[in-house]
Amino acid sequence: MNNSLTFEFSLARRFLEENKLQTLLIVLGIAIGVAVMVFLTALIDGLQADLIQKTVGKAPHIVVTSAEAVSQEAVKSVDGHTVLMIDTTQKDQRPIGEYHMLVNVFSADQRIRAVLPAVDGSGLIRRGQVTRGVLLRGFDLDQANRIYDISNSVIEGNRKPINNSVLIGKDLAVDLGVSSGDPISLELPGQDPLALMVDGIFDLGVSAINQRWLVMDQRQAAALLGIGDQVTSLELQVQDVFLAEQIARAWSSKLPNYQLKSWQETNAQLLTALKSQSSSSYTIQFFVLLAVILGVASVLAINAVQKSKQIGILKAMGIRTNSVARAFMIQGVVLGLMGSITGFGLGIFLTKIFILLAGQQLTLLLKPLSVIVILSSTMLSATLSAYLPARRVSQLNPIEVIRNG
Amino acid sequence: MDNVLLKTINTTKEFGQEIKSQVLFGINLEIQAGEFVSMIGSSGSGKSTLLNILGALDRPTTGKVIIDGTNLGQLSDDQLAYFRNRTIGFIFQSHFLLPQFTVLENVLIPYLIYAGKAPTEIKARALDLLDRVGLSHRKDNRANAISGGEQQRVAIARSLINHPSIILADEPTGNLDSKNTQKVFEMLKSINRDYQTTLIMVTHDHTLAASCDRLLKLKDGLIIEDLDLIKQPIQIQEDRCSVSD
């Protein structure tokens, strides 16, 4: 009996058309709700993507160190910034001798896109009256570029350090008052000051790096620290940043002598903040949907009362109870659909306006999945809210209506 | 000509759950196909309740209703709805047209409820019926844009669209002036004559009641008079007491 559905549709259409203003108002109401959800989601998703990009974009997603080197100091030094997890404690860590093997193992994993063996240590730089603590970072620059893109971030001097020369961060250069070609003096614990030359200055866009990093060749760093052909850590970047923790855990169980720490572990606070931001956005969405439900339900309830005479005569003429219910459910679906589509357009318009007004500081991100979730939850709400009025009106007894008519 | 279309056997009706009030007491009635029956009685006599039961809108408390060989008690609610749609045409005191639809669409609605769309021949039939009630020129008007008398004529056309075997009319002229009353009644008579459609009409108008083939008078839930007006026509008198309330 699909034919009766045809009549149910035309009944729903005529009922909606009859009171155009009412229909328009409720569609507008739903549309505003959807627009708010679209805009809010775009804003929060954009902010979060931005934050995550800033956190993990030019940073290792997983840091591999020797398991025995885990010290209390390592935990203390981590304060929510990725760059700081490869901090002063590095000097206390037992170096990794079999890093060639590890590089091969990690490179074979499709989920990992970059592997960087690094030799790290801390030291002091003196120039005149100024003393600054630095993080000595020794790695192969070509490989490091795959994570940090240092070569393209050099703003002054050479892109690659040559013998006894280093690249330093922009802020450190300002603090020390040096430019490329200037000599500096590096003091490592228990060693005599060593004369080095600043070959280039980079800007990685993260002040913690720009203030503290001293980049040199891996072998030279290893020689300075006296660890031979060993490294202190391996830094990994994975294809999907959100899988980092899972990948780290999987490898941890296979490599008991090493500790793998993902960016999620290191940035637990950030992730908690993002989660609570998301849940506040869900709360708002929930209340918007509640408003949609109440709106549609009240409009259809009024509609049902207004149409009770007509429903009564239709029932006398033999329309089935379910047909009446469906005619009202269809009204809910149609209202939801029209409201969702209008609201989606309105939401896009709002975000465009916002970008125009706020300038480029803010990123707005509209994920297809979020759009689908918003639209389908709105549709579902509108349909569900039509259910009660539909059920009530469909159970109308024609005799009552005819008698009181 | 013994061609029973509608039969009730000991039909009773009670209303109320805790305090029961019986409205019909054992109605035994046979109506022949093609008869034009009028039903009179004061309010509370049970005539509307009986009409609702005969129209499959309500179920009797006990007893049977058989229409066209179908025992209505054996049908589910949905089957009953379909049965009403196919077999019974309704005309009510308030015409109950759907103002969202045009005059022509209103005539088609009983057909559309199950068929969804009306093929050309059904549309032609609807136009014929509108023509018959003198309203084909109004076919594209909204149903609420025509006069009360015209709306009742549309309701008559609507009741006929599915070729019902019975038309039940509940005070069809109750809201009309004498000119329109006469017009509507003539239409019902001609439908009864031309299509052999069985008509059962509840009315307060004794002149109309006396112009039918048969007259039933109800009182206190019982049929107290059953007059064959073809064999024994009665004098139409405004003050006639045996038939009036």
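Two strands are said to pair if DSSP finds at least two bridges between them; helices (H or I, at least four residues) and strands (E, at least two) are DSSP runs, numbered from the N terminus. The model is predicted: local features need pLDDT of at least 70 and side-chain atom pairs count only at pLDDT 80 or more, whereas totals for chains, interfaces and linings use all residues. Residues are numbered from 1 along each chain as its sequence is written, chains are lettered from A and ligands numbered from 1 in the order in which they are written, and side-chain values use heavy atoms, with hydrogens and water left out.

**Figure 1. Pairing around strand S7 (residues 194-202) of chain A.** Strand S5 (residues 165-169) of chain A pairs with S7(A) in the parallel sense over 5 bridges, and A:Gly169 has A:Phe202 as its bridge partner in S7(A). Strand S4 (residues 154-157) of chain A pairs with S7(A) in the antiparallel sense over 3 bridges; here A:Phe202 is the bridge partner of A:Val154. Strand S6 (residues 183-187) of chain A is also antiparallel to S7(A), with 4 bridges, and A:Ile184 stands opposite A:Leu196. S6(A) and S7(A) form a hairpin with 6 residues between them, and A:Gly190 in the turn has a positive phi of about 70°.

Figure 2. A:Gln220 counts as buried because its relative accessibility is 15% (buried means under 20% relative accessible area, exposed over 50%, partly exposed in between; 1.4 Å probe, protein chains only). Leaving aside neighbours within four places in sequence, A:Gln220 is in contact (heavy atoms within 4.5 Å) with A:Asn164, A:Ser165 and A:Leu196.

Figure 3. With a relative accessibility of 7%, A:Ser66 counts as buried. Not counting residues up to four places away in sequence, A:Ser66 touches A:Arg94, A:Ile96, A:Asn257, A:Tyr258 and A:Gln259.

**Figure 4. The interface of chain A and chain B.** In this view 28 residues of chain A are in contact with 29 residues of chain B. The area buried between the chains (accessible area, 1.4 Å probe, that two parts lose on being put together, summed over both) is about 2,500 Å², and carbon and sulfur atoms give 66% of this area. In chain A, A:Phe7, A:Arg14 and A:Met317 lose the most area to chain B, together 25% of what that side buries. The rule finds 1 salt bridge across the interface (a side-chain nitrogen of Lys or Arg within 4 Å of a carboxyl oxygen of Asp or Glu). A:Arg14 forms a salt bridge with B:Glu105, and the closest N and O atoms are 2.7 Å apart. Helix H1 (3-18), helix H12 (308-316) and helix H15 (398-404) of chain A are the elements that give two or more residues to the side touching chain B. The largest share of that side, 9 residues, comes from H1(A).

**Figure 5. An open sheet of 4 strands in chain B.** The strand order is S2-S1-S4-S5, with antiparallel pairing. Strand S2 (21-32) and strand S5 (70-71) of chain B stand at the edges, each with a single partner strand, so one side of each is left without a neighbour in the sheet. Strand S4 (residues 62-67) of chain B pairs with S5(B) over 2 bridges, and B:Ile66 has B:Asn71 as its bridge partner. B:Glu30, found in strand S2 of chain B, counts as partly exposed at 35% relative accessibility. Beyond residues up to four places away in sequence, B:Glu30 touches B:Val4, B:Leu6, B:Lys7, B:Glu35 and B:Arg214.

**Figure 6. Salt bridges within chain A and within chain B.** A:Asp50 forms a salt bridge with A:Lys54, the closest N and O atoms being 3.8 Å apart. Both residues lie in helix H2 (residues 20-56) of chain A, 4 residues apart, about one turn of the helix. A:Asp50 counts as partly exposed at 23% relative accessibility, while A:Lys54 is exposed, with a relative accessible area of 65%. In chain B, the side chains of B:Arg132 and B:Asp194 meet in a salt bridge (2.2 Å, N to O). This pair links distant parts of the chain, with B:Arg132 in helix H4 (residues 120-132) and B:Asp194 in helix H6 (residues 178-195) of chain B, 62 residues apart.
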